[in-house]
Amino acid sequence: MATAETSRLGGPRNRGAALGGVVSPVALVLVACAVGLLVGCLRSSLFAQLTVQGLALGSVYGSLALALVLVYRATRIVNFAQGELAMLTTYIAYQLIQWGLSYWEAFFATLAIAFVLGTVLEVTLIRPVLHRSTIAAVIVTVGLFILIDGVVNWIWGGAFRYMPSPFGTKVYRVGEVSISRLYPGMFVVVLISVVLVWALFRFTKLGLGMRAAAVRPAASALVGVRVDRMLAIGWGLAAVLGAVAGLMAEPSQFFLEPTLMQPILVYAFAAAALGGLESPGGAVVGGLIIGVALNLVVEYVPAISTELQLPFAFAVILAVLLVKPSGLFGRREVRRV
Amino acid sequence: MTRRLATLVSIAVVVAVLCLLPFILSDYNVGLVAQVGIFYIAVLGLDILTGYAGQISIGHGAFMMIGGYTTAVMSRDHHTNLIVTMLMAFAICFVVGVLLGLPALRLSGPYLALATFAFAVSVPQLPLEWSKFLGGRDGVETSQTVSNSWLYGVAWAASAILLVLAWLILRGRIGRAFRAVRDSEIAAVASGVELPVYKTLAFGISAAFCGVAGSLFVLATNGFAEPSEFGILLSLEILIGAAVAGLGSLWGILAGAAFVGLLPNVSSSVPVIGSTHGQDVVFGAAVILVMLLLPGGAAGLIARLTGARA
């Protein structure tokens with residue numbers, strides 16, 4: 001879903017050039033990294049553990065980054081409230097469990113609530129300002145960030161809350177490597193939701209309409225796509241992906257608190273910038289890269305302590321953007337003068 | 001001619017009110033209005049970059065932090081005069097701003113927003129790493145503290161000086177170049193504007209302003225420079241201030257600064273919503289409401305009322 005529809009003006013010629021000249025070096029580097037990781041995993045059990053953990057955390061970053069990308073493609077704004085929205089939906093799941101639902105019942109109920117929430121927010125708060133000023137719409141999401149933070153603190157307070165573990169406490173042993181069932185579980189749940197969203201975009205008429213509405217709103221309105229409705233659904237899907245990210249982030253932190261998603265939002269931003277804000281696949285790959293890289297770097301590079309994790313992420317983003325200003329998988333925006 | 005007269009009269013009124021306020025208000029409220037002055041400087045700085053040169057930044061809290069730590073460290077180690085440390089904060093932040101402006105040359109729009117956001121969350125981590133020099137989580141304390149009235153006088157004097165400086169910069173050649181870059185980079189280059197020079201200059205000037213605001217900000221918190229004071233929320237508040245002010249107008253900034261400087265404190269004194277998080281709810285809701293009702297901010301409102309373009 002990343003390739004064909006992101007090009008705004010370029011035709012087939014443009015796409016061919018991108019595939020031949022730009023994407024393949026990136027792909028080569030990625031394959032090389034993957035091979036390096038595999039070799040490392042076979043040689044050291046600590047390395048393998050860190051890699052698996054990094055992939056699981058990275059899938060959470062990637063899922064939130066994908067939410068950001070969906071919103072960006074639909075409405076051309078970066079949603080600063082995406083992380084807090086995910087945090088709010090995680091609290092809703094917590095509340096549902098408190099009311100007696102089992103974990104997975106609460107999980108799916110929360111996804112439905114998140115969808116409604118995202119759609120309603122787009123219709124009531126974003127759409128009215130979007131036509132008038134992009135910056136005003138971005139500021140609305142910033143206001144939403146503060147508002148949600150306040151509401152959650154108001155209702156549930158700042159104390160740690162505990163949710164039952166979704167995957168039990170089993171530990172897998174492969175050779176000398178022992179891995180908690182949590183990490184593969186997180187990875188698989190995120191992967192399933194990402195694949196489902198991809199399939200929705202790729203194979204359904206609704207997905208086609210959403211892609212069309214995102215790329216050429218005016219033209220798709222002319223052929224009968226309900227553009228406004230598509231954009232609202234885009235926001236709803238983003239909120240669902242965010243909810244998945246929040247629900248999977250909670251067990252990795254072992255407790256729920258109002259600041260749960262704030263560092264994760266930063267890494268998701270990093271992932272989205274790394275992969276390219278236009279590219280859903282790039283966001284997921286970017287998330288995995290950030291997750292694994294951070295985990296390994298903090299362990300193996302003495303100069304980079306936990307305190308320097310964020311500055312390191314910043315340095316990486318800056319370095320990538322300097323080489324490729326629209327991300328690894330992004331497409332340079334071509335404008336007619 | 002009447003427009004010019006109206007402008008002069010409104011300036012005179014604002015200056016007169018600001019001169020009289022310390023004699024009317026209680027000491028606590030003088031401190032609050034001084035806080036507005038500090039935000040005024042920061043929002044003014046961001047507006048030069050975002051409103052005039054068209055480059056968005058979500059990282060200006062980090063410049064405030066660099067300015068604040070400059071004051072705190074110089075005061076702790078060398079007992080430097082506080083006013084002198086503000087000038088140093090101005091100079092240091094100018095240099096850092098230009099340095100950040102260099103990579104920013106390659107970025108635009110949302111990517112610049114993301115990169116500056118990352119800058120804003122990265123810088124507060126540095127004192128935790130270099131805790132010997134920068135005091136770690138506990139922060140750095142200045143060797144002397146100041147009274148609320150001192151802060152009020154200095155903050156608003158600095159605001160006035162920097163406003164005049166901004167006006168002088170923006171009305172002339174540099175300001176025209178900034179606006180040209182904002183409106184169309186291609187047209188600007190075609191008319192002979194050196195894009196790299198003016199973009200980095202805009203970053204430097206705006207960072208320098210925020211550096212001064214940061215110095216004052218540290219003095220306003222009893223001379224403590226702590227990483228937690230300069231979190232991402234501060235950067236977002238500056239951005240909100242600029243948006244409420246309305247980008248690209250020197251007039252609205254007073255409204256924007258008052259909004260972010262006063263609203264949280266005022267709402268916290270109201271009984272029911274006064275709980276610590278009630279004020280966040282009010283602030284967030286107010287931000288959303290203002291943007292829904294006035295997408296152009298206070299400047300847009302002024303323009304509508306006076307029937308002219310701001």
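**Exercise 1. Which residues does Gly54(A) touch, not counting residues up to four places away in sequence?**

A quick note before we start: this is a predicted model.

*Solution.* Start by placing the residue: Gly54(A) sits in helix H2 (residues 45-75) of chain A. Next, look at what surrounds it. Gly54(A) touches Gly291(A), Val292(A), Leu294(A), Asn295(A) and Leu296(A), once residues up to four places away in sequence are left out. Now for burial. A residue is buried if 20 or more other C-beta atoms lie within 10 Å of its own. Gly54(A) has 24 C-beta neighbours inside 10 Å, so it counts as buried.

**Exercise 2. Now try H3(A) and H9(A): at roughly what angle do they cross?**

*Solution.* The axes of helix H3 (residues 82-98) and helix H9 (residues 227-253), both of chain A, come within 8 Å and cross at roughly 65°. This crossing is right-handed. On the H3(A) side, the contact residues include Leu85(A), Met87(A) and Ala93(A), while those of H9(A) include Gly242(A), Leu247(A) and Glu250(A). Counting by class gives nine nonpolar, five polar and one charged.

**Exercise 3. Check the span of H12(A), then say which of its residues are buried.**

*Solution.* At 1.5 Å a residue, the 15 residues of H12(A) should span 21 Å, and the end C-alpha atoms are 21 Å apart, so the two agree. The buried residues are Leu310(A), Phe312(A), Ala313(A), Phe314(A), Ile317(A) and Leu321(A). What covers them? The cover includes H10 and H11 of chain A, along with helix H5 (109-122) of chain B.

**Exercise 4. How many residues of chain A are in contact with chain B, and which helix of chain A gives the most?**

*Solution.* Count first: 40 residues of chain A are in contact with 35 residues of chain B. On the chain A side, the elements giving two or more residues are helix H4 (103-130), helix H5 (134-156), helix H10 (262-275) and helix H12 (309-323). H5(A) gives the most, with 14 residues. By class, this side of chain A has 31 nonpolar, six polar and three charged residues.

**Exercise 5. Over in chain B, how many residues of H1(B) are buried?**

*Solution.* Helix H1 (residues 2-24) of chain B reaches 32 Å from first C-alpha to last, close to the expected 33 Å. Among its 23 residues, the buried count is zero, so H1(B) is hardly covered.

Methods:
Residues are numbered from 1 along each chain as its sequence is written. Chains are lettered from A and ligands numbered from 1 in the order in which they are written. This is a predicted model: local features need pLDDT of at least 70, side-chain atom pairs count only at pLDDT 80 or more; totals for chains, interfaces and linings use all residues. Two residues are in contact if their C-beta atoms, placed from the backbone, lie within 7 Å. Helices (H or I, at least four residues) and strands (E, at least two) are DSSP runs, numbered from the N terminus. Ala, Val, Leu, Ile, Met, Phe, Trp, Tyr, Cys and Pro count as nonpolar, Asp, Glu, Lys and Arg as charged, and the others, Gly among them, as polar. The expected span of a helix is 1.5 Å times one less than its number of residues. A residue is buried if 20 or more other C-beta atoms lie within 10 Å of its own, exposed if 12 or fewer, and partly exposed in between; C-beta atoms are placed from the backbone. Axes are lines fitted to C-alpha atoms, for helices over the stretch in contact, and angles run from 0 to 180 degrees between N-to-C directions. A crossing is left-handed if the near helix is turned anticlockwise from the far one by less than a right angle, and right-handed if clockwise.
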